[in-house]
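Hi everyone, and thanks for coming. Today I'd like to walk you through one structure, a piece at a time. Let's bring it up.

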Amino acid sequence: MGINFLEPLMLEALDSVMWPFCRIAGFFMAAMAFSGATVPARVRALLSLALTFCFLPSIPAINSEIQAFSTLGIITTLSQVIIGAGLGFMTQYIAQCFVLAGQAVAMQTGLGFASLVDPVSGTNAPVVGQFFTVLTTLVFFAVDGHLVFIRLLLLSFETLPIAPGAFTPPHLSAIIYFGATMFQCALSMSISAICALLVVNFTFGVMTRAAPQLNVFSMGFAISMTVGLFVLMISLNSYMANFTIAINSLMSSTCTLIGTSCEGIF
């Protein structure tokens with residue numbers, strides 16, 4: 001009799017912890033900096049569990065009719081993981097925005113020959129792209145972007161309650177179409193280098209036609225790299241302006257995604 005009496009209480013306690021933990025763990029599984037190979041899975045799991053117990057007093061009551069070990073329970077679990085991973089994936093856009101910008105600059109200037117293994121993705125990436133990755137990560141933590149997203153994650157439990165149909169296909173479409181912002185940001189960062197190198201290549205084309213005896217390949221490669229480094233140094237002056245535009249767009253889209261207002265969050 002005692003076991004039969006305690007079983008519903010144990011299942012209710014498990015539900016109150018398991019589903020918030022799935023959403024928070026999904027967030028850290030896909031969030032910028034936390035999802036990298038440099039952060040062990042055990043650390044992410046412990047951080048998710050600690051944050052779950054911190055969130056429990058503020059999370060609305062869960063519908064007791066949904067059982068964890070049922071069809072609706074499995075659907076609810078998958079929905080919570082997708083919501084958390086979607087919010088975490090949104091933070092990847094601001095990082096990949098500047099990674100794409102750095103790769104575009106590297107390929108245009110010839111600096112793409114210098115590549116290292118990216119510790120986040122595990123693939124070879126140009127050094128310029130990795131430089132922007134490290135810079136963006138440091139600035140993101142410096143402006144408390146991670147704390148803002150943790151607060152948005154807490155607000156999502158009110159606007160997207162724990163239920164099987166909380167995350168609908170329009171939410172998924174909003175995440176996918178937000179990828180256009182990433183390419184717009186990358187283009188705005190790299191357009192100056194692309195235009196500058198286009199002028200340099202056009203100049204070498206005119207020189208080749210005017211003086212065919214010049215070895216444009218040996219001379220042009222060194223000059224392209226020098227001009228590329230100079231343009232990269234100048235473009236860093238506008239880095240914070242581009243970062244501000246990117247993070248404001250990111251926060252606005254994230255608030256719209258979870259159905260809340262961004263006022264008072266920053």
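Does Cys 195 count as buried, partly exposed or exposed? Cys 195 counts as partly exposed, because its relative accessibility is 40%. Let me give the cut-offs here: buried means under 20% relative accessible area, exposed means over 50%, and partly exposed is in between, with a 1.4 Å probe and protein chains only. Cys 54, at 55% relative accessibility, counts as exposed. As for disulfides (a pair of cysteine sulfur atoms within 2.5 Å), the structure holds zero.

A quick word on what you are looking at. This is a predicted model, where local features need pLDDT of at least 70 and side-chain atom pairs count only at pLDDT 80 or more, while totals for chains, interfaces and linings use all residues. Residues are numbered from 1 along each chain as its sequence is written, and side-chain values use heavy atoms, with hydrogens and water left out.

Now the overall layout. The protein has nine helices and two strands; these are DSSP runs, numbered from the N terminus, with helices being H or I of at least four residues and strands E of at least two. Along the sequence, the pattern reads α-α-α-β-β-α-α-α-α-α-α. Of the 266 residues, 41% count as buried. A contact means heavy atoms within 4.5 Å, and among contacts with a separation of 6 or more, 79% come from residues 24 or more positions apart.

Let's go to helix H7, residues 179–210. How far apart are its end C-alpha atoms? They are 44 Å apart, which agrees with the 46 Å that its 32 residues should span at 1.5 Å a residue. That expected span is 1.5 Å times one less than the number of residues. H7 also has a kink of about 45°, centred on Ser 190. The bend at a residue is the angle between axes fitted to the seven residues ending there and the seven starting there. Ser 190 is one of the buried residues of H7, which also include Met 189 and Cys 185.

The C-alpha atoms of Asn 242 and Met 189 are separated by 7.1 Å, although the two are 53 residues apart along the chain. Leaving aside neighbours within four places in sequence, Asn 242 is in contact with Phe 98, Ser 188 and Met 189. Asn 242 counts as buried because its relative accessibility is 13%.

Another buried spot is Thr 91, at 2% relative accessibility, in helix H3, residues 71–109. Not counting residues up to four places away in sequence, Thr 91 touches Ala 30, Ala 31, Met 32, Phe 149 and Leu 250.

Phe 149 turns up again among the aromatics: Phe 27, Phe 28, Phe 34, Phe 140, Phe 141 and Phe 149 form one aromatic cluster. Rings of Phe, Tyr and Trp (its six-membered ring) pair if their centres lie within 6.5 Å; planes under 30 degrees apart are stacked, over 60 edge-to-face, and the rest tilted. The structure holds 10 aromatic pairs. The rings of Phe 27 and Phe 28 have centres 5.3 Å apart and planes at 75°, so this pair is edge-to-face. Both Phe 27 and Phe 28 are buried.

Last stop: Asp 144, in the loop between helix H4 (127–142) and helix H5 (145–159). Most residues other than glycine have a negative phi. Asp 144 is not a glycine, yet it has a positive phi of about 60°.
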